[in-house]
Amino acid sequence: MTHIHWYPGHIAKAEKQLKELINLVDVVIEVIDARIPVSSSYPNIKKLLGEKPRLILFNKADLADEKKLDFFKKHIEKETGFPVLKTCASKSNDISIIENKIAELGKDKIDKLVAKGLLPRPVRVVVVGMPNVGKSSIINKLIKKAKTKVGAKAGVTRQQQWVRVNPKIDLLDTPGIIPLKQEDQKKAKKLAMVNSVSENAYENEAVAQELLNILEKSYKENVIEYYSLDENEDITLEHIALKRNWLAKEGRADITKAAVMVLTDFRAGRIGKFILDDEN
Ligand SMILES: Nc1nc2c(ncn2[C@@H]2O[C@H](COP(=O)(O)OP(=O)(O)O)[C@@H](O)[C@H]2O)c(=O)[nH]1
Ligand SMILES: [Mg+2]
């Protein structure tokens with residue numbers, strides 16, 4: 001099995017940047033890929049946020065196994081004490097629910113300011129998450145209606161802008177990217193499956209076969225049906241390639257092509273709606 005590798009220097013820098021962004025806000029929106037609700041969450045987030053409230057979004061819910069997703073929603077709400085919303089940033093219009101939750105989560109902070117004799121101000125928010133989970137899509141939806149750029153505030157050193165989403169919410173227009181750590185290879189592979197890891201960091205064949213192994217456990221029927229496989233044969237890239245007549249040299253199965261196709265089909269939700277994390 002190939003190892004997924006990336007660079008500690010980048011991680012330290014990314015963590016520092018993330019911390020700086022979080023220091024600027026009252027509420028953090030953590031975007032999670034609904035297909036891997038545990039593997040795309042950030043283990044260090046509690047430490048990073050301290051007392052700061054968090055809104056958790058299970059994004060790409062349109063690609064996830066709905067039943068299992070409801071299990072994870074309940075589980076994570078109970079574990080964290082924070083609300084979880086299922087979202088589909090590429091389509092639906094659940095934005096007002098997100099806005100209401102943000103205002104609700106930030107209310108305490110604003111009340112405290114007022115109690116100290118300060119003027120009330122909008123709740124400040126940042127969107128964070130691993131690569132490709134839909135952070136920019138969420139930000140775009142939130143700021144679509146909002147035309148006013150509030151402009152730079154003290155402490156914003158880079159090119160981030162505050163955008164007034166509504167009178168109660170100011171959003172940073174740049175997301176915080178959660179760095180990937182390589183100590184947990186199982187998790188790293190699942191992140192690769194959902195395209196959250198740079199393609200240079202892994203080999204398609206290994207990741208695609210691992211994906212098939214996971215699907216075989218919980219969603220065997222979907223894979224057999226989609227690729228018209230024989231029930232009594234193992235679900236392998238080779239088997240899929242032969243069934244589809246993807247052949248390489250000397251009539252051998254084209255594993256390389258099968259790997260690309262399996263990952264592409266899975267990511268587009270063509271094989272079915274799945275969750276790759278275990279419920280326990
Ligand atoms: N099916 C589906 N695709 C989504 C959803 N949200 C985002 N995407 C797609 O996922 C890809 C990455 O989204 P993006 O917002 O750029 O992610 P970011 O890297 O976290 O900023 C894009 O192709 C989006 O169109 C969603 O809820 N469902
Ligand atoms: Mg982005």
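**Figure 1. Glutamate 250 in the loop between helix 8 and helix 9.** Glutamate 250 lies in the loop that links helix 8 to helix 9. Helices here are DSSP runs of H or I with at least four residues, strands are E runs of at least two, and both are numbered from the N terminus. This is a predicted model, in which local features need pLDDT of at least 70, side-chain atom pairs count only at pLDDT 80 or more, and totals for chains, interfaces and linings use all residues. Residues are numbered from 1 along each chain as its sequence is written, while chains are lettered from A and ligands numbered from 1 in the order in which they are written. Glutamate 250 is exposed, because 5 other C-beta atoms lie within 10 Å. (A residue is buried with 20 or more other C-beta atoms within 10 Å of its own, exposed with 12 or fewer, and partly exposed in between; C-beta atoms are placed from the backbone.) Most residues other than glycine have a negative phi. Glutamate 250 has a positive phi, near 55 degrees.

Figure 2. Asparagine 245 has 8 other C-beta atoms within 10 Å, so it is exposed. Alanine 253 is also found in the loop between helix 8 and helix 9. Alanine 253 counts as buried, because it has 20 C-beta neighbours inside 10 Å. (Two residues are in contact if their C-beta atoms, placed from the backbone, lie within 7 Å.) Aspartate 26 is 227 residues from alanine 253 along the chain, and 54 Å separate their C-alpha atoms.

**Figure 3. Helix 8 against helix 9.** Helix 8 covers residues 237-244 and helix 9 covers residues 255-267. Their axes come within 9 Å and cross at roughly 95 degrees. So helix 8 is roughly perpendicular to helix 9. (Axes are lines fitted to C-alpha atoms, for helices over the stretch in contact, with angles from 0 to 180 degrees between N-to-C directions. Angles under 35 degrees count as roughly parallel, over 145 as roughly antiparallel, 65 to 115 as roughly perpendicular and the rest as oblique.) Helix 8 brings Leu237, Glu238, Ile240 and Ala241 to the contact, and helix 9 brings Ile255, Lys257, Ala258, Ala259 and Val262. By class, this contact of helix 8 with helix 9 holds seven nonpolar, no polar and two charged residues. (Ala, Val, Leu, Ile, Met, Phe, Trp, Tyr, Cys and Pro count as nonpolar; Asp, Glu, Lys and Arg as charged; the others, Gly among them, as polar.)

**Figure 4. Valine 262 and the largest nonpolar core.** The largest nonpolar core has 66 residues. (Such a core is a set of buried Ala, Val, Leu, Ile, Met, Phe, Trp, Tyr and Cys residues joined through C-beta atoms within 7 Å.) Val125, Leu171 and Val262 have the most contacts inside this core. The core lies between domain 1 (8-177) and domain 2 (203-267), because both give residues to it. (Domain bounds come from an automatic or database domain assignment.) The centres of domain 1 and domain 2, taken over C-alpha atoms, are 37 Å apart. Neighbours within four places in sequence aside, valine 262 is in contact with Ala208, Leu211, Leu212, Leu237 and Ile240.

**Figure 5. Helix 6 against helix 7.** The axes of helix 6 (residues 185-193) and helix 7 (residues 204-226) come within 10 Å, crossing at roughly 100 degrees. Helix 6 is therefore roughly perpendicular to helix 7. Lys189, Ala192 and Met193 of helix 6 meet Val207, Glu210 and Leu211 of helix 7. The residues in the contact of helix 6 with helix 7 are four nonpolar, no polar and two charged.

**Figure 6. Lysine 190 in helix 6.** Helix 6 holds lysine 190. Lysine 190 counts as buried, because it has 24 C-beta neighbours inside 10 Å. Its contacts, leaving aside neighbours within four places in sequence, are Ile36, Ser39 and Leu276.

**Figure 7. Glycine 117 in the loop between helix 4 and strand 4.** Glycine 117 has its place in the loop between helix 4 (95-115) and strand 4 (123-129). Glycine 117 has 6 C-beta neighbours inside 10 Å, so it counts as exposed. The C-alpha atoms of glycine 117 and glutamate 210 are separated by 58 Å.
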